[in-house]
Amino acid sequence: MSQVEYQRRNKIHPHKFALWVAMASIIMMFAALTSAYLVRQAAGNWLEYRMPGLFYINTAVILLSSFTLHGAYLGFKAGKELLYKVLLVISFILGIAFVVLQYYGWMALYDIGIYLTGNPSGAFFYMISGLHAVHVLGGIAALVVALIHAFVLKFKVTRKRKNRFQLVLHYWHFVDVLWIYLFVFVLLQH
Amino acid sequence: MASQVAVEQDAIIREEGYDDHFHEHHHGDKYQSNFITTYIFSQDHKIIARQFLITGIFWAIVGSAMSIIFRMQLGFPEESLAWLKPILGKWITISADGVGTLAPEFYYALVTMHGTIIVFFVLTAGLSGTFSNLLIPLQLGARDMASPFLNMLSYWFFFLASIVMFFSLFLNTGPFSGGWTAYPPLSALPQASTGSGAGMTLWIVSLVFFVVSVLLGGINYITTVLNLRTKGMSLWRMPLTIWAFFITAIIGLLSFPVLASGFFLLMFDRGLGTSFFLSEIYIAGEALPQVGGSPILYQHLFWFLGHPEVYIIILPAMGIVSEVMSVHARKPIFGYRAMVYSILAIAFLSFIVWAHHMFMAGVNPFISNFFVIFTLIIAVPSAVKVFNWISTLYKGNLRLNTPMLFAIGFVSMFISGGLTGIFLGNSAIDIVMHDTYFVVAHFHIVMGVAAFFGMFAGVYNWFPKMFGRFMNETLGKIHFWMTMIGAYAIFWPMHYLGMAGVPRRYYSFDTFDAFSHFDGTNKFITIAAIITFGAQLLFVVNFFYSIWYGKKMTTKNPWQSTTLEWTTPIKGIHGNWPGKLPVVHRWAYDYSKDETSDVDFIPQHHPLTENEVRTEH
């Protein structure tokens, strides 16, 4: 921590840069899965099914949480403590709601006869959305840390805390955009 | 003379260094306050480097001892291995007349573990983990890594991976035995072979931890190189070691996640009944329910990592060799920029050649053409590098000490092994050569032995920086010559076996009359392997003896090197430099620049003199 602070000469904070590098590797992971999806689909014997409507709602939920979290960040920067705290809590609830709703989405898929052990088209969707949900859980863990910072520490706008918040914010936007990519990808491939 | 130069160098840093106020803040020392935080859960990059190295040495001994055991089976199938019973237990079956034989299942397990351990634990973690950690902050003039905490986690994830893999060696059903590539169905169906059950479960868990370790390390290396260079250290002034580690980290960061994806799918197939990689399989006459998967898909995902992986192994060795060679030839590296561009070219090409591992797996021959072309193009940047190394040696003022010998040995191995790559890269020739000992010979020379040579060059060269003492030079030279001759004696004859079509991974050739006349060759290879293994033990003895009893380092810069790591105190300290950070004024290769001076090197932090022309470097 210390050396980072006193040795910084570039504009971007090394921790933020490290996060971006980590995102690049997560992108590679999902790029691999979606290309495997394409390759397997091209081989035929691929079950087509209608995406349960719940997943559209989920997409809206995670998109909304990105906006609220960004609002919380802007509130923090502007020194509006109440706005910051309220929006942070809302984002956290929306994040939890997303994961829970994903679970219900999987149940809805199961009900229309798309099983994990069935045709690979369903298995791929369970696998990819499940792995994404795990990454969202990581984001929720980061949100918990942000919540602790918000409610335990005395409210103060410092550069260090702004940087810390930005790490959470960027990662959250990342899992949001990642989901939109995955969802649109699966829809377009139907 | 030398001490005078050293004093002068310290003065330069004291007077003209960059003050980052590091030592005015003592909170950094918090994590080095007691034995555990200093030597075990250390966040200091120099300690973490040593941890990687010593764990790597442990695995190298285990991994190569395994190869000796299966080589004895191949070379001397009739000899009794009963004396191994105390170590291998039930895997040695003793017949009525007292002859002990290696169980065939365990032979496969040994081959698999040998590959996994050497490729991942020794040549990835042990090589790039050690030297990236040691040299990136030291050669760039940084206090430590960007995130010392993640760096510590990187080692401990590797340690966890090691524990899990080591544990799998002692399972009742044995470790995984389906080859280091873990192709399904052997890896996907627990009932497929003895090692496919618990052995494979631990194998995959271990490797997932390992991927996490590589990613955490890689994130740190990249961030440190791009963000924490000292003042004046532009990218084009970085030593080639750093360039190599930097590009290696990028390759690792882009390819290991793909392997992780493959592993996740494999885990689903193993545990949750999906069929990503499985289709229409009968085991013991019974049809399995899994339908619709493709085992080739796994191969694509695996080799998308697997091929870059060989460059993850060889690039750090190349960087180390370039640096060591330049220092001990007392000459600037020939074609510095060409070296960097060829690293970049190799890194780029490494991502578009993976299917050359799958020519015979049913890949469309038309698509194979592309992979053949890109594969052969890799020969171009590789040749550039070889040409530059040889040109660096040409008319150099060579010091033929152990690190230099290993660096030169590396070039020899890289040429011999690289040339056979041109054969194997052709999909037509691969029809004959695939899965034979020719392949084994090729990759062992070009990435196994060559990478080990790079590692040895690095260990002998930077041992004083790591432990403040020198390794024994005589033992080092014996080690070099035995390894150099021994490695060729092991792998050269394998080319002939391969050209005759002898398949790799076979337990025994009893039933193949066509290969019976290779008995003598196989015996020769085995004997050579045992002798070469003995030479490595010599290295291990030398290494550990020298840590405590080696010749002490008395000056800061024993090799008279230009790079910044040799301006730090002999006994490494937290934050690396006691006061200010050195400021860099020149590139890393100002050797023998001024013929009139009796000092034939100018360290990177020396300001330019009046008669020097400012160049881009």
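Reader: How many residues of chain A are in contact with how many residues of chain B?
Author: This is a predicted model. In it, the two chains touch each other, and the contact can be counted from either side. The count is 31 residues of chain A and 39 residues of chain B.

Reader: Which element gives the most to the side of chain A that touches chain B?
Author: The elements that give two or more residues to that side are α1 (2-7), α2 (14-42) and α5 (120-152) of chain A. By class, the side has 21 nonpolar, nine polar and one charged residues. With 16 residues, the element that gives the most is α2(A).

Reader: How many helices and strands does chain A have?
Author: From the N terminus on, the elements of chain A run α-α-α-α-α-α. The C-alpha trace of the chain spans about 60 × 35 × 20 Å along its principal axes. The count for chain A is six helices and zero strands.

Reader: What share of the contacts in chain A between residues at least 6 apart in sequence join residues at least 24 apart?
Author: Chain A has 190 residues, and buried residues make up 35% of them. Among its contacts between residues at least 6 apart in sequence, the share that joins residues at least 24 apart is 80%.

Reader: What should helix α3 of chain A span, and how far apart are its end C-alpha atoms?
Author: Helix α3(A) covers residues 54-78, which is 25 residues. The expected span is 1.5 Å times one less than the number of residues. That gives 36 Å for α3(A), and the distance between its end C-alpha atoms agrees, at 36 Å.

Reader: What covers the buried residues of α3(A)?
Author: The buried residues of α3(A) include Phe55(A), Val61(A), Ile62(A), Leu69(A), Ala72(A) and Phe76(A). An α-helix has 3.6 residues a turn, so residues three or four places apart point the same way. What covers the buried residues of α3(A) includes α4 (81-111) and α6 (159-188) of chain A.

Reader: Which residue takes a positive phi just after α4(A)?
Author: The 31 residues of α4(A) should span 45 Å, and the end C-alpha atoms are 45 Å apart, which agrees. Its buried residues include Tyr84(A), Leu88(A), Phe92(A), Phe98(A) and Trp106(A), and what covers the buried residues includes α3 and α5 of chain A. Just after α3(A), Gly79(A) has a positive phi of about 80 degrees. Just after α4(A), a positive phi of about 90 degrees is taken by Gly113(A).

Reader: Is Leu87(A) buried or exposed?
Author: Leu87(A) sits in helix α4 of chain A. Leaving aside residues up to four places away in sequence, Leu87(A) touches Thr68(A), Gly71(A), Ala72(A) and Gly75(A). A residue counts as buried if 20 or more other C-beta atoms lie within 10 Å of its own. Leu87(A) has 22 other C-beta atoms within 10 Å, so it is buried.

Reader: At what angle do helix α9 and helix α13 of chain B pack?
Author: Two packed helices are described by the angle between their axes and the distance between the axes. The contact is made by residues including Val321(B) and Met325(B) of α9(B) and Met404(B) and Phe410(B) of α13(B), and by class it has eight nonpolar, one polar and no charged residues. The crossing is left-handed. The axes of α9(B) (residues 295-329) and α13(B) (residues 402-424) are 9 Å apart, and the angle is about 130 degrees.

Reader: Is Asn576(B) buried or exposed?
Author: Asn576(B) lies in the segment after β6 (551-552) of chain B. Although it is not a glycine, Asn576(B) has a positive phi of about 70 degrees. With 24 other C-beta atoms within 10 Å, Asn576(B) is buried.

Conventions. Residues numbered from 1 in each chain as written. Chains lettered and ligands numbered in written order. Predicted model: local features only at pLDDT ≥ 70, side-chain atom pairs only at ≥ 80, totals over all residues. Axes fitted to C-alpha atoms, helices over the stretch in contact; angles between N-to-C directions. Helix = DSSP H or I, 4+ residues; strand = E, 2+ residues; numbered from the N terminus. Left-handed = near helix turned anticlockwise from the far one by under 90°. Contact = placed C-beta atoms within 7 Å. Nonpolar A, V, L, I, M, F, W, Y, C, P; charged D, E, K, R; others polar. Buried ≥ 20, exposed ≤ 12 C-beta atoms within 10 Å, placed from the backbone.
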